Amino acid sequence: MTAITTNRLTKRYGGVTAVNDLDLTVEEGEVFGFLGPNGAGKSTTINVLLGFTSPTAGRATVLGRDAVTESKSVRSRIGLLPEGYHLYENLTGRHHIVSAIETKRASDDPDRILERVGLASDAAHRPVGGYSKGMAQRLTLGIALVGNPELLILDEPSSGLDPTGIKHVREIVREEADRGTTVFFSSHHLEQVEKVCDRIGIMRDGSLATVGDIDTLREKTGGNVITVTVESPPDAARVRDIAGVSDVTVTETTVRLACTPEAEQIQILNRLDRFTTVQEFETEDTSLESLFETFTSDDATVDHDTDDRSGVDAGGE
Ligand SMILES: Nc1ncnc2c1ncn2[C@@H]1O[C@H](COP(=O)(O)OP(=O)(O)OP(=O)(O)O)[C@@H](O)[C@H]1O
């Protein structure tokens, strides 16, 4: 079973199309990074998945149930960390966890959850009105973990967290994935996404611009960057003419070569060696940040053939 499937999902607000014909599939047990620039339609999609808003057209299925007509039963199986979760200032952190356990009719040990999210016992007994942003975020994550949810929907989970907290979120996400939980992780924190997600989908203007694991996306967008240490600077124009080189930056001691996806690195280095002496080289992977730019910049094109899984559940549409 897939954890999330949307088929031609569309949501319009008046003249604004927030989500446009979206086909998305998230497999059970995967950590899926849901990315996109501001206004791309991420929150609207999440709101449809949770049954908080109805689609204008199309369908969303979550944990095998219809997100609109069976939203209550869907929500009981989900752990949600929404952006800007409302906490009750006068209640303690522990009290929040206890009430979440009662509401979900779960049997969790509240202290175990507080310990998991790194809220030390004295903090857990203080009213949350005095919490820092990061402590409030840890508590919200704790609330999401109540009841061993089958699907965790995390909207900007690293918001307000210090580097230790950010690492801690990653560890919790991996632990949850290891016990079979599906994690739907929406974030602008690309470094965190790159470290924790199995697959990512990048939204743009309400549709998926691309989806896949990061290595596959790297292959699609092409190329690596090779930084070469050289004996003397070669003529940049001649280096630029080497087949497979898309961009060149020359300094006194280095040549930085952006290569096309199909380029043979060794041939490029051999050619470069004719214009200078290659001493050593290093290859860098394209960062998720530059992939994100590739798929969301104004001149980016939507990658139509990436999600081969979408068609399977889309009833052949
Ligand atoms: N309730 C609403 N009424 C009118 N327009 C809305 C509403 N909710 C969202 N929109 C519009 O839909 C589009 C998508 O918004 P959405 O909040 O889903 O984007 P997002 O990807 O979550 O952005 P961000 O990264 O800024 O949170 C935007 O143009 C937004 O203005």
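Which residue in β5 is the bridge partner of Thr 61? In this predicted model, the bridge partner of Thr 61 in β5 is Asp 66.

**Sheet**

Strand β4, residues 57-62, is joined to β5 by two bridges, and these strands run antiparallel. Both belong to an open sheet of four strands, whose order is β2-β1-β4-β5 and whose pairing is antiparallel. The edges of this sheet are formed by β2 and β5 (65-66), each of which pairs on one side only.

**Ligand surroundings**

Strand β2 also contributes to the ligand site: β2 and α1 each supply at least two residues of the shell around the ligand. Helix α1 provides the largest share, namely three residues. The residues around the ligand include Tyr 13, Val 16 and Ala 18, as well as Gly 36 and Asn 38. Also among them are Gly 39, Ala 40, Gly 41, Lys 42, Ser 43 and Thr 44. Divided by class, the shell comprises four nonpolar residues, six polar residues and one charged residue.

The residue ranges of the elements discussed here are as follows.

| Element | Residues |
|---|---|
| β2 | 16-27 |
| α1 | 42-49 |
| β4 | 57-62 |
| β5 | 65-66 |
| α12 | 288-296 |

**Helix α12**

Which residues of helix α12 are buried? They are Leu 288, Leu 291, Phe 292, Thr 294 and Phe 295. These residues lie on the same side of α12, because they cover an arc of only 160° around the axis.

Definitions and conventions:
Residues are numbered from 1 along each chain as its sequence is written. This is a predicted model: local features need pLDDT of at least 70, side-chain atom pairs count only at pLDDT 80 or more; totals for chains, interfaces and linings use all residues. A residue is near a molecule or strand if its C-beta atom, placed from the backbone, lies within 6 Å of it. Ala, Val, Leu, Ile, Met, Phe, Trp, Tyr, Cys and Pro count as nonpolar, Asp, Glu, Lys and Arg as charged, and the others, Gly among them, as polar. A residue is buried if 20 or more other C-beta atoms lie within 10 Å of its own, exposed if 12 or fewer, and partly exposed in between; C-beta atoms are placed from the backbone. The arc is that of the directions from the helix axis to the C-beta atoms. Two strands pair if DSSP finds at least two bridges between them.
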